[in-house]
Amino acid sequence: MLAAEQGWFAPISADDERLIVFAWSQGIGFYQVPLDHPRLEPLPLGTVSSRSGSEPSDSDALHALWDLFVQGQLVGDQVYWRSFYTPPLGLLRSGFDDAQPELLSDSFPTDVSFSAGPGYILTLQRARDAGYHDIGLNFVRTDDSGCRSVQGPRGEALADVALDATHAYWIGTRTAGSNAAIGQNTLNRVDLETGAVARLNLPGIMPDYYRSFLAQDDTRLFLSSDGALLSVRKP
Amino acid sequence: MVGSTGCRQSLLWFRIATGALGLFACGGSETSGSEPGDAFGNGSCTALKAEEAVTLDAEVRVLASGSRVSGGAGLAPAVVPSGGEVYWCDESGSLFVERQDERVVELRHVEEPPEKRKSVLGLAANSAHVYVGYAYGGFGDDGTLSYRGPGRLLSISKQDGQATEFARCRAGLVCTHQRRR
């Protein structure tokens, strides 16, 4: 999995006091680097020591940390992930400085992945007609008040999703069996409060141009494509 | 809006490290009345019925073309919006910014032959600086992520692109932190 005979640092977030990194060096895991006196300080989210500098003795802890780094989702200052290796097992949430992660669910199905939005978790659900034929996908939003489902893709595969406080944006890919040209991508969104669905038209951009979401802020989505970076203003 | 009793159905999601495609959603007409529970064990979920989808024009700008955006491993982002601006690196490791006036500026130029080129691990920004991590490796053909040192961590001024070496890991894992102008 990792061939790290030498160290590296991956920046995750920063403010004017500190930089948070995932480090693979004498220690492995999450560290803060105070900006006024740069040094690695372990964060409660997790670190393991590596005496030899290559493989720590606690491989479960290493796998858990690596999974957390690779699969974790950062929303604001909270990291969401699923723990398979070390207790507590299940869907977890934690800030970098929290002493213990919060267990959101200890029975989250193992075949279900998730995406974290601000204050909610989104999962996918097959949409079926009265004859139980698959007709597409629905998004299921779960928060402290319960769950609701809204319409997701129809007639296309799901390539990627980006979430904000009010909408789920998704990139759909037309494939064999759909009406439109194969390989064409679409950019869409659904209002998570009303269920209203909109297709976003990007004037001047080829429909197979965008592939995935890279980032967003309050007003824009940033999409990647083969050799390009797009900035799309949220309508 | 329709209510019904819940039943746990197969829920799948796609957010894997490689960003691979997930499920194919077949076309067809939908009927209401199926609102199973969620993955948290809630018995039934409120279903919001969609009206006909509308089409909206979205303002779009091409910030970069001709060189892929580099970086973005796990929790370490490849593109960082900060203070109304947005920062990213290209394949060479050079750092770019789109200013608030929509000018795209190369903040730090990197020119390395491909065989010596380091990967960008990720970016982070505060009010004054962008932090960029570099190392060798990245996603392999099998989708696994692997990095190796020696890694570097640069602090780069948002204003003028001046770079400070923030941390370096040398062979043998001698990691030091340096501040130099």
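**Strands, a helix and a core: questions and answers**

Student: Leaving aside neighbours within four places in sequence, which residues is Ser224(A) in contact with?
Tutor: Two residues are in contact if their C-beta atoms, placed from the backbone, lie within 7 Å. With neighbours within four places in sequence set aside, the contacts of Ser224(A) are Arg211(A), Ser212(A), Leu214(A), Leu229(A) and Val69(B).

Student: What kind of model is this?
Tutor: Residues are numbered from 1 along each chain as its sequence is written, while chains are lettered from A and ligands numbered from 1 in the order in which they are written. Local features need pLDDT of at least 70, side-chain atom pairs count only at pLDDT 80 or more, and totals for chains, interfaces and linings use all residues, for the model is predicted.

Student: Is Ser224(A) buried or exposed?
Tutor: Ser224(A) is found in strand E18 (residues 220-225) of chain A; helices (H or I, at least four residues) and strands (E, at least two) are DSSP runs, numbered from the N terminus. A residue is buried if 20 or more other C-beta atoms, placed from the backbone, lie within 10 Å of its own, exposed if 12 or fewer, and partly exposed in between. Ser224(A) has 24 such neighbours, so it counts as buried.

Student: What arc do the buried residues of H1(A) cover around the axis?
Tutor: The buried residues of H1(A) are Leu62(A), Ala64(A), Leu65(A), Leu68(A) and Phe69(A). The arc is that of the directions from the helix axis to the C-beta atoms. These residues lie on the same side of H1(A), because the arc they cover is only 165°.

Student: Which residues are exposed on the other side of H1(A), and what covers the buried ones?
Tutor: On the other side, Ser59(A) and Asp60(A) are exposed. The cover of the buried residues includes E3, E4, strand E2 (18-24) and strand E6 (78-83) of chain A.

Student: Which residue in strand E8 (residues 102-105) of chain A stands opposite Leu92(A)?
Tutor: Two strands pair if DSSP finds at least two bridges between them. E6(A) and strand E7 (residues 90-95) of chain A run antiparallel with 6 bridges, and Trp81(A) stands opposite Leu92(A). E7(A) is joined in turn to E8(A) by 3 bridges, also antiparallel. There, the residue opposite Leu92(A) is Leu103(A).

Student: Which strands are the edges of the open sheet of 5 strands?
Tutor: The order is E9(A)-E10(A)-E11(A)-E12(A)-E2(B), with mixed pairing. Each edge strand pairs on one side only; they are strand E9 (115-117) of chain A and strand E2 (46-47) of chain B.

Student: Which residues touch the most other members of the largest nonpolar core?
Tutor: A nonpolar core is a set of buried Ala, Val, Leu, Ile, Met, Phe, Trp, Tyr and Cys residues joined through C-beta atoms within 7 Å. The largest has 106 residues, and those touching the most other members are Val21(A), Val79(B), Leu123(B) and Val132(B).
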